[in-house]
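Here's a quick briefing on how this chain packs together. Take a look at the structure first, then read on.

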Amino acid sequence: MQAQPKIKSILDQLNTVIVGKTDSVRDCVACLLAGGHLLIEDVPGVGKTTLAHALAHTFGLQFARVQFTADLMPSDLIGVSVYERGKEAFMFHSGPVFTQVLLADEINRASPKTQSALLEAMEEKQVSVEGETRALPSPFFVIATQNPHDQLGTYALPESQLDRFLMRISLGYPDRAAERQLLSGGDRREMTSTMLPLLSAEELAALQQQVLAVHAAGPLLDYVQDLIAATRSGRWFLQGLSPRAGIALVRAAKAQALVEGRDYVAPDDVQAIVAQTIAHRLVPVGDAGRGAVEQVRAMVEAVPLP
């Protein structure tokens with residue numbers, strides 16, 4: 001399968017719904033092609049949930065949406081065993097996590113206990129219920145949206161769960177031209193229901209294999225290791241990246257290269273996705289005076305290219 005025409009059609013369809021955010025849409029597609037989970041963080045009303053719906057429809061996968069609230073329990077996600085008198089046995093009733101795309105809407109409005117119920121599902125693609133391990137459908141993605149932590153009724157995601165998200169992106173407000181298009185057009189959420197699936201599960205698996213086959217040369221890996229070493233130097237962040245985060249960075253860069261139509265990773269691919277891939281895993285040093293994303297970009301500017 002030729003990857004580039006298929007990826008272009010995916011991007012074109014998504015950009016008809018999410019206007020003026022081509023870079024963010026490209027990042028989302030790269031994240032899912034890399035087989036990673038996606039976290040979309042921003043203020044309410046800028047299109048986070050609409051983007052998640054559009055991604056699920058375009059990739060042609062079965063999906064379920066869960067609205068996270070303060071009273072949501074882990075069993076509401078995973079499922080529960082119920083005694084059925086006719087069968088004289090407990091029967092397991094699966095929860096919404098047994099799907100291919102799980103839209104976890106406003107994930108940080110649920111308690112940390114419920115948030116942590118997703119950890120095994122996100123990492124192992126399985127859940128353990130009452131001593132029995134149950135496999136999730138393949139592929140399995142979590143697309144989560146969250147509101148800023150300073151808003152009422154939110155809980156910060158545990159660091160261990162943040163680390164399971166391959167990327168975190170922020171949409172931001174649209175520019176004037178894009179907002180005029182939104183004001184004069186139809187309801188974007190309704191547009192997602194008419195979107196056609198552009199991939200089958202087999203085609204998606206083939207694209208993911210092409211991502212893995214993208215070549216990362218030795219000097220490119222040297223550059224990635226220089227960036228990882230910079231995060232661990234103590235100059236920029238309190239703690240550096242783990243080896244798992246380094247692997248995630250290379251995988252995201254390979255997906256970015258494939259989206260751009262190349263079969264090799266260039267430094268530009270790493271720089272294009274590095275902030276989205278590692279900023280949510282890092283805490284800037286106390287005297288940084290800027291957020292994690294800005295600190296990552298400053299660090300990247302200070303690390304020489306190979």
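Let's start with a helix pair: H1 and H3 cross in a right-handed way. Keep in mind that this is a predicted model.

**The H1/H3 pair**
- On the H1 side, the contact is made by Ile-10, Gln-13, Leu-14 and Val-17, while H3 brings in Thr-50, Ala-54, Leu-55 and Thr-58.
- Sorted by class, that contact of H1 with H3 has five nonpolar and three polar residues, with no charged ones.
- H1 covers residues 3-17 and H3 covers residues 48-58; their axes sit 10 Å apart and the packing angle is about 150°.
- Angles over 145 degrees count as roughly antiparallel, so H1 and H3 are roughly antiparallel to each other.

**The nonpolar cores**
- The largest nonpolar core has 73 residues, and those with the most contacts inside it are Leu-33, Leu-38, Leu-51, Leu-55, Phe-59, Val-296 and Met-299.
- Helix H12 (residues 243-259) supplies the largest share of this core, with 10 residues.
- There's also a second, separate core of 26 residues, with Phe-92, Ala-104, Ile-107 and Leu-118 among them.
- Back to Leu-55: setting aside residues up to four places away in sequence, Leu-55 touches Leu-14, Cys-28, Leu-32, Leu-38 and Ile-143.

**Gln-295**
- You'll find Gln-295 in helix H14, which runs over residues 292-302.
- Beyond its neighbours within four places in sequence, Gln-295 is in contact with Arg-235, Trp-236, Phe-237, Pro-284, Val-285, Ala-288 and Arg-290.

Terms used: Residues numbered from 1 in each chain as written. Predicted model: local features only at pLDDT ≥ 70, side-chain atom pairs only at ≥ 80, totals over all residues. Heavy atoms only, no water. Core = buried A, V, L, I, M, F, W, Y, C linked by side-chain atoms within 4.5 Å. Buried < 20%, exposed > 50% of the residue type's maximum accessible area, 1.4 Å probe, protein only. Helix = DSSP H or I, 4+ residues; strand = E, 2+ residues; numbered from the N terminus. Contact = heavy atoms within 4.5 Å. Axes fitted to C-alpha atoms, helices over the stretch in contact; angles between N-to-C directions. Parallel < 35°, antiparallel > 145°, perpendicular 65-115°, else oblique. Left-handed = near helix turned anticlockwise from the far one by under 90°. Nonpolar A, V, L, I, M, F, W, Y, C, P; charged D, E, K, R; others polar.
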